[in-house]
Amino acid sequence: MASWVERDAAVVWHGFTQMASWAENAPVIVERGEGRELIDVDGRRYLDGISSLWLTTLGHRVPELDSALVGQAGRIAHSTMLGNGNRVVVELAEALARVVPVERPHVLFAGDGASAVEQALRIAFQYWVNLGVGGRASYLGFGGAYHGDTVGALSVGDDAFNGPLFEPLRFPVLRAPGFDRPDCLKVAAELVREHADELAAVVVEPLVQGAAGMLMVAAEQFAQLGEACHQTGTLLVCDEVATGFGRTGTLFASQRCGLRPDLLVLGKGLTGGYLPMSATVAADHVYRAFLGEDLGPRTLYHGHSYAGNALAAAVALEHLRLLERWDVPAGVAERSAQLRGLLRERIVPLPAVREVRLEGLMGGIDLEAAGQERVGRRVCAAAVRRGVLLRPLGDTVVLVPPLTITSAELDRLVSVLAAAIVEVTAA
Ligand SMILES: *Cc1c(COP(=O)(O)O)cnc(C)c1O
């Protein structure tokens with residue numbers, strides 16, 4: 001019998017992965033999970049240092065989430081959102097409406113972060129048409145931004161992964177500097193004022209640009225962008241797919257930034273990392289622009305087959321309750337302070353470490369070792385051999401552990417990372 005890696009390589013195509021060399025990179029084939037650990041087909045355990053690509057908030061096999069899922073399976077798995085409703089989806093939307101930093105919110109569900117971003121782009125575009133205002137049909141995005149891999153999301157994003165490859169498919173976007181420029185929000189606010197009559201919306205990742213390599217701007221900087229949007233009527237779209245649900249220490253990063261988006265995009269942590277579900281949350285004044293005659297042109301003709309999946313909704317609802325019951329944001333603040341201390345003590349002094357950034361439990365460590373290529377990749381591979389699953393963004397090691405990580409696990413994470421950096425870079 002072929003190994004699991006061979007069987008996988010024969011039939012599975014992994015995203016963001018060069019399949020020609022995939023099997024050589026000692027991939028982990030997961031069979032089970034437990035708490036903050038993944039367990040592979042050979043029974044080896046790995047601390048999930050990236051929350052399964054920034055999704056898992058409360059860990060794996062959370063009894064309460066498992067039972068919410070099973071309970072809903074005993075009622076119904078899915079019924080369509082097109083024209084009809086579903087009880088648990090109503091309950092979830094009510095629960096979300098109570099906590100999102102959006103004015104009298106209305107929730108349009110989808111499956112993945114990218115599809116919720118697409119929804120926001122479509123809504124922002126049609127909003128101006130419905131208001132009878134011509135010409136406000138373009139978007140302002142940021143350098144280094146990442147909003148997902150569908151073509152619209154790819155357009156407002158900076159698409160650093162593909163370079164010029166998909167340029168012919170992407171629609172043009174007005175581009176502010178990335179978060180590596182400390183004045184990026186000042187410039188963005190100026191661009192909004194200058195181009196207000198062309199702009200439908202601004203799309204921004206509040207506080208942290210995740211995929212750009214965990215780039216961060218001080219929370220106070222964002223108010224000027226919010227103000228420019230407010231004064232010009234330009235819709236503010238906050239993409240909190242990565243930062244939402246406690247990741248940066250408040251339930252939403254927009255709150256830290258003093259932003260109240262017209263459209264809030266949620267994904268990743270919405271179901272605690274259990275099931276694919278995303279949402280575009282629209283402020284009441286946006287939603288109202290779509291009200292009109294039955295089947296008339298003001299209708300939003302957009303929707304995904306699995307939108308408002310009942311299994312996902314049941315898990316997301318229980319997840320929201322747990323975030324509150326366990327006061328997860330407070331725990332994040334505490335663990336973040338501990339992590340900051342550990343990084344300062346054991347990571348910052350290493351010669352290959354160029355910069356360390358952290359907001360809540362979202363961190364990036366830039367590595368640079370003279371004459372060495374793919375340091376990020378090799379350090380993460382060394383960490384995996386030591387039982388901590390990490391995946392870098394270029395030469396930035398990303399630390400995005402589950403929000404419920406324990407003090408001892410955090411210690412293990414940083415110790416392993418330090419050992420991995422030393423192993424790879426001490427030539
Ligand atoms: C991951 C991510 C997306 C895309 O979400 P998918 O579920 O992968 O489509 C969009 N925006 C941000 C900020 C993300 O981190």
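1. A salt bridge here is a side-chain nitrogen of Lys or Arg within 4 Å of a carboxyl oxygen of Asp or Glu. With that in hand, take R61: it forms a salt bridge with D66, and the closest N and O atoms are 2.8 Å apart. Keep in mind as you read on that this is a predicted model.

2. R61 counts as exposed, since its relative accessibility is 57% and the cut-off for exposed is over 50%. D66, on the other hand, is buried, because its relative accessible area is 16% and buried means under 20%.

3. How many salt bridges does a search of the whole structure find? The total is 27. Another one of them joins R44 and D42, where the closest N and O atoms are 3.4 Å apart. R44 is partly exposed, at 47% relative accessible area, while D42 is exposed, at 57%.

4. Is strand β14 enclosed or open to the outside? It covers residues 362-367, and six of the six are buried, so the rest of the structure largely encloses it. In a regular strand, side chains alternate between the two faces of the sheet.

5. Which strands does β14 pair with? One partner is β13 (residues 353-359), in the antiparallel sense over six bridges. In that pairing, E359 stands opposite M362 of β14. The two strands form a hairpin with two residues between them, and G360 in the turn has a positive phi of about 60°. Strand β16 (residues 396-399) is another partner, again antiparallel, over four bridges. There, I365 stands opposite V397 of β16.

6. A26 has a positive phi of about 45° although it is not a glycine. You'll find A26 in the loop between α2 (19-22) and β1 (30-34), and it is exposed, with a relative accessible area of 59%. S51 is also a residue other than glycine with a positive phi, near 50°. S51 lies in helix α3 (residues 51-54) and is buried, at 0% relative accessible area.

7. Lastly, the surface. V151, L165, F166 and L169 make a nonpolar surface patch of about 360 Å². Where is L165 found? It belongs to the loop between α7 (151-156) and β6 (174-176). With 55% relative accessibility, L165 counts as exposed.

Note on methods. Residues are numbered from 1 along each chain as its sequence is written. This is a predicted model: local features need pLDDT of at least 70, side-chain atom pairs count only at pLDDT 80 or more; totals for chains, interfaces and linings use all residues. Side-chain values use heavy atoms; hydrogens and water are left out. Patches are made of residues with over 30% relative accessible area and no salt bridge: like charges are joined within 9 Å, nonpolar side chains (Val, Leu, Ile, Met, Phe, Trp, Tyr) within 5 Å. Accessible areas come from the Shrake-Rupley method with a 1.4 Å probe; for residues, only the protein chains shown count as cover. Buried means under 20% relative accessible area, exposed over 50%, partly exposed in between (1.4 Å probe, protein chains only). Two strands pair if DSSP finds at least two bridges between them.
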